[in-house]
Every structure is written in structure tokens, then in C-alpha cells.
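Reader: I'm new to this one. Can you walk me through it?
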Amino acid sequence: MVSCSDDTIDERALQIKDLLRDPGFNGFPVMRLHRIAAAALIWTCATHVAPAQFSPGELSLAHQHLNGMKNCLECHDAANEITGKKCLLCHKEIQTSLAERRGYHFKVSAQQCIACHREHKGTNNSLAAVDKRTFDHNLTGFVRTGRHATTECSTCHAKKNIVDPQVLEKITRSGRQTYRGLTQACARCHEDRHNNTVGANCQSCHSQNGWSPVSNFDHSRSQFALAGKHTTVPCGKCHRDIDARDKTKPLLFTTMSHDDCTPCHTSRHKKDLAARECSSCHTPEDWRIPKAGATFNHTLAAFRLVGRHADVPCAKCHSPGGPVSSRGPLRLPFGKCTACHADYHKGEFIPKYNGECGKCHTPEGFAPTTFSFVAHDASRFPLTGAHLATPCEKCHVRAPDERRRFRLAGVMCESCHKDRHAGQFAGEMKGRSCGACHTTEDWSPKSFDHSKAGFLLVGKHARAKCSACHKPRNAGGVEIAQYKGTPSTCDACHREYHAGQFAVDGRTDCAKCHQPGGWRALLFDHSLHSAFTLAGAHKRIECRACHREERMGSSTLVRFKPLSMTCESCHAPGSAGRG
């Protein structure tokens, strides 16, 4: 057995002293803690225990700030386990990816952290050692195919490509390398040759096998679908930058307007047809073959035919009997719907919308309206609670001319709802209407303060149903609940069980003895509230020993008063008790 040096003993003593100060030891008896500490110090010195007996080994550089026995529970759970829960308290960027169900750590979340990240293996131990030969990149959510499969890890996993602010902040502070924090957006690693003119979804045209050829591009998804002879035209014929092949300049695919053919093709027609749209007669299949049943394409006119307008016969609008225009029947005014349609609302919405029907209607049909809850919230009456589920026609009823009215005269509750209280609260409703007690969420009052009614609800009264006290009455042939004028005396609701024994001037004040918390929670004090003070053995006698039940007609009551207060009225001569 080798004894410790003085320096070793001092070092162990300081470690144990720090351990005793740990909040985890709170609750242990002081003497017991000192005995444990002394025993630990003696055992440590007697066996010449090395620091490894307190720790399995040195922590890595990343965790050096956690060295020391006081910090064990920063990572370890009960019984020295490491479940990973405490790891996420520091590694919040991983906690975020787990919560968002993305990234490598989410794919392998069934494993414990220590399955890959082992500690106590020395200062130079790498906690994130990745074997590039066996690592399954598919688990990150980004499958490497094509040229990506042969790209060096460091090409993508560089600090300049990190977008996750939590990851970037951590590696900036620590100076270590990481494989986390990237995005799958192509433009983060690759230059956008198109200057963001074709969107950020590079995969819609390109693949991982190479930027060209653009195997995924489908021209039919563009604004100009290729048909007929256009399908054989070389791309560079319209997109001039392709043939230029100047890598110092952006590769743009903007072209001339293609609403009509004339930006690329010269019209061979004389003046009378030069202004007409080519496609109204021709097709991309062949210019020389006129379009079968060629008709005028109204979409190139100033007024495009959409919705129900597309099914309206031309003569309905373009005829001598149709809308009038100084420019003839083919060039009609269309600035407002009322140029063709009658105003169903008779000017109701002119002040607010200046007669713009498009604020609520579409060419698909006048109904259903596009007037939304959001738009209703901007009106004099925002919809809340049960009003949100109320059909429009419940409030917007038909006028005598069978037209629905939308601008209502009033928006107070009584404009639509009957007063179920028959005017009992007319004073309280001024200004707030029914909202003084009710809300649109529920008719049951939520905000009524009963103390303002002159009767504070406490004890069992607070749990009683309103209808228990406020009984129905007939008001003009309608049954309503009586609220105002409800008596507040106890006997108005409760039966008087004492047959008038405590009545004064014909009324019994129950509150002198009882309280709303319960009938048996008595306030009665025999010494203060009666002429007979309880003293000595009388304090221990049950009430019923003196106050006995009596028959009164067909009912039974307990006799409280009047009672004789002489001894012999209860005690027989020579006895120690009643009778």
C-alpha cells in the first residue's frame, strides 16, 4: 500500500470539498457527508487512486469547459446514463433539425448520441469522425448522384456555404470544421448563370449528371408552348445568348413578345388585315393552311372573354340592339360591368366601391360572391363568434322588391334579435346593447358581475344555476326569466325550517346563524346569541340533548325556543344528567 503525498492529499481534499458544495448533495445530514468525505479521502490516498478513478478519461477539446466532477451531470443523467436529452441543451442546431424533421440527425434519431460521439478518449479525440468511404449520404436527405457522387466533401461543406445561423455562429466561435448547416438550393454552391430570371428551381431543367444538356426542360411549361413547326426551330434562333457562348455574361432566355406572331414574322397582309391577330386564321402547323373554322380570337382584344363571357354569343354584345358605342358595335365600352349589366343593388355600393362589381363578383358568375370574412371585418359590423357561422341571408333579407338588402339601417343586437328580457335591462343596454352581459361566442353571460345587482354570490350561491332563483314569469303572453325585482331574503328561495322560532316582526333573519357556504357552517354562538351561556359540562353536551324534536301538526321540528333554563327542567333531583 502506497500512501499519498501532502500535495495529493490537498488536491483530493479540494475535490471532495467542491463535491460537498454541489447542490445535488443538499438534503444529506452534515455529519454523514463529512464521514463520507473523510472515508473517500482516506480510500483515495491509501490506494493511490489516479484521477481516472473519478473520470473515465480526459474530455475532448470541444468539451474542456465541462471538466471537473461538478460538471458530470451536465451530460450524464441518473445512474451515469447519457440519453442524449442533455446533449440537445447545448447543440440547439441539432434540436432544431429534429423538431423540423430534417437532416442526418433526424434520420438516425433512433440511435443514442454516444453511438457516434464518444467522449473521455483524450483531448485530441474527434467527436465527429466521419469515415468518408462508408458514410451514407442519403441519410442527410440529399442523394448524391451524377457528378455530385465524385465531388470532394470540402467543395460543398465549406464555411461560405453554411446558411444555418446556429451552425455558423458555433463554428465561427470554435474554429472547428462541420458538415452541418447547408441548404440543398443549387445557387448556394453554383453560380446562377441566368441572373434569377428563370427561378431558383434548377432541377426543373438540369440534373446532377451535368448542366447540359438540359434534359428536364419542358418548353410546354413556359409561357410559349412549342407546337407545329416551332418544335424544329433551333433554340438559338429565339434565344440569342445560347449561340454566343460567352461565359462572362449571363445566359438569359428572354425573348421578344410572343402575344402575336409579328414580333418574329412579317405580316404578308395588306392594311385591312394587318391589325388582326395572325392566329385567328393561322396555326403553327403551316402558315399556308388557314385555320379550320377561323374565328376572331377575343383574348387579344382589350376585353378578354373569360368565365361566362366566353359562352355569350357575339351578337349578344356586338349588334345594333346591344350596348351603344360611338365607335360602332364592335368597339364597345367595358370599363364597368354596368355598361352591359343592370345594377342589382340599386346603387347601394356606389359610395364605397364606385359601382365596381369586381370587388365582390367574377366573370364566373355573380354567385357565389368573393366578399370574404376579411372584407366583412372592414365593414361597420365585423363578424365574430356565432355570427361567423350565420348564413348571409339570415341578416341580409329580401326587400319588398325581392332584392336583398346589404347596407343595413342598424348594427345593434336588437336590430336582428328580440329582447328576451322584456325590457328589464333597458337602462344597462344603452350604448352597449346586449354586449353589456352577452358575447357573440355564447348567449350565456360571461361578464355579468352579480355584485352590481345588490346580491353578492358567495359559497353555494356561486354554484347555483341562475334559474334556481330567477323563476320564469309571463310577460304579455311570453314566458321570460324574472331578473329585476327578485327578492334577496333567504325565505324567498329557502324553506323556513324553524317554524318562526327565530322570527322578529314576522321575518326570520337566517344570516344570523347560517352562511352561504352551507347550512351547517353555523355562525351561532350560544354564549353570545342566547340567554343561556354554555359552561362546564354543558359545553360537551350535544345540541339534541336539550333541543329535542317535536311534532307540530304533520311535520317535525327541533325545539330551540322557548325553553326553560332552570336546572330541574332538564335534570331530575339527584341525577347528573337530563331527565
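Predicted model: local features only at pLDDT ≥ 70, side-chain atom pairs only at ≥ 80, totals over all residues.

Reader: Cysteines, then. How many disulfides are there in the whole structure?

Author: A search of the whole structure finds 0 disulfides. Cysteine 156 is in no disulfide, and its nearest cysteine sulfur belongs to cysteine 189, 4.5 Å away.

Reader: What about cysteine 357: which cysteine sulfur is closest to it?

Author: That of cysteine 337, at 3.9 Å. A disulfide needs sulfur atoms within 2.5 Å.

Reader: What reaches the backbone oxygen of cysteine 156?

Author: The side chain of asparagine 161 does, at 2.9 Å.

Reader: Where is asparagine 161?

Author: Asparagine 161 sits in a loop, between helix 6 (153–156) and helix 7 (165–174).

Reader: Is asparagine 161 buried or exposed?

Author: Buried. Its relative accessible area is 2%, and the cut-off for buried is under 20%.

Reader: Which residues does asparagine 161 touch?

Author: Leaving out residues up to four places away in sequence, asparagine 161 touches Thr155, Cys156, Gly181, Leu182, Arg188 and Cys189.

Reader: New topic. How many salt bridges are there in the whole structure?

Author: The search finds 12 salt bridges. One of them pairs glutamate 169 with arginine 173, with the closest N and O atoms 3.0 Å apart.

Reader: Where do glutamate 169 and arginine 173 lie?

Author: Both are in helix 7. They are 4 residues apart, about one turn of the helix.

Reader: And how accessible are they?

Author: Glutamate 169 is partly exposed, at 43% relative accessible area. Arginine 173 counts as exposed, at 58%.

Reader: Which residue does arginine 403 meet in a salt bridge?

Author: Aspartate 401. Their side chains meet at 3.4 Å, N to O. Arginine 403 counts as buried, at 11% relative accessibility. Aspartate 401 counts as partly exposed, at 46%.

Reader: Which residues are in the network of salt bridges?

Author: Glu348, Asp401, Arg403 and Arg405 are linked in it.

Reader: Which salt bridge links distant parts of the chain?

Author: Arginine 507 and aspartate 491 do that. Their side chains meet at 3.3 Å, N to O. The pair links distant parts of the chain, 16 residues apart. Arginine 507 is in strand 4 (residues 507–508), while aspartate 491 is in the loop between strand 2 (478–481) and strand 3 (503–504).

Reader: Last one. Where is glycine 454?

Author: Glycine 454 lies in the loop between helix 14 (392–395) and helix 15 (466–469). It counts as exposed because its relative accessible area is 64%, and the cut-off is over 50%.

Reader: How far apart are glycine 454 and serine 488?

Author: They are 34 residues apart in sequence. In space, their C-alpha atoms are 8.6 Å apart.

Notes. Residues numbered from 1 in each chain as written. Heavy atoms only, no water. Helix = DSSP H or I, 4+ residues; strand = E, 2+ residues; numbered from the N terminus. Buried < 20%, exposed > 50% of the residue type's maximum accessible area, 1.4 Å probe, protein only. Polar contact = N/O pair within 3.5 Å; in protein donor to acceptor, adjacent residues only side chain to side chain. Contact = heavy atoms within 4.5 Å. Salt bridge = Lys/Arg side-chain N within 4 Å of Asp/Glu carboxyl O.
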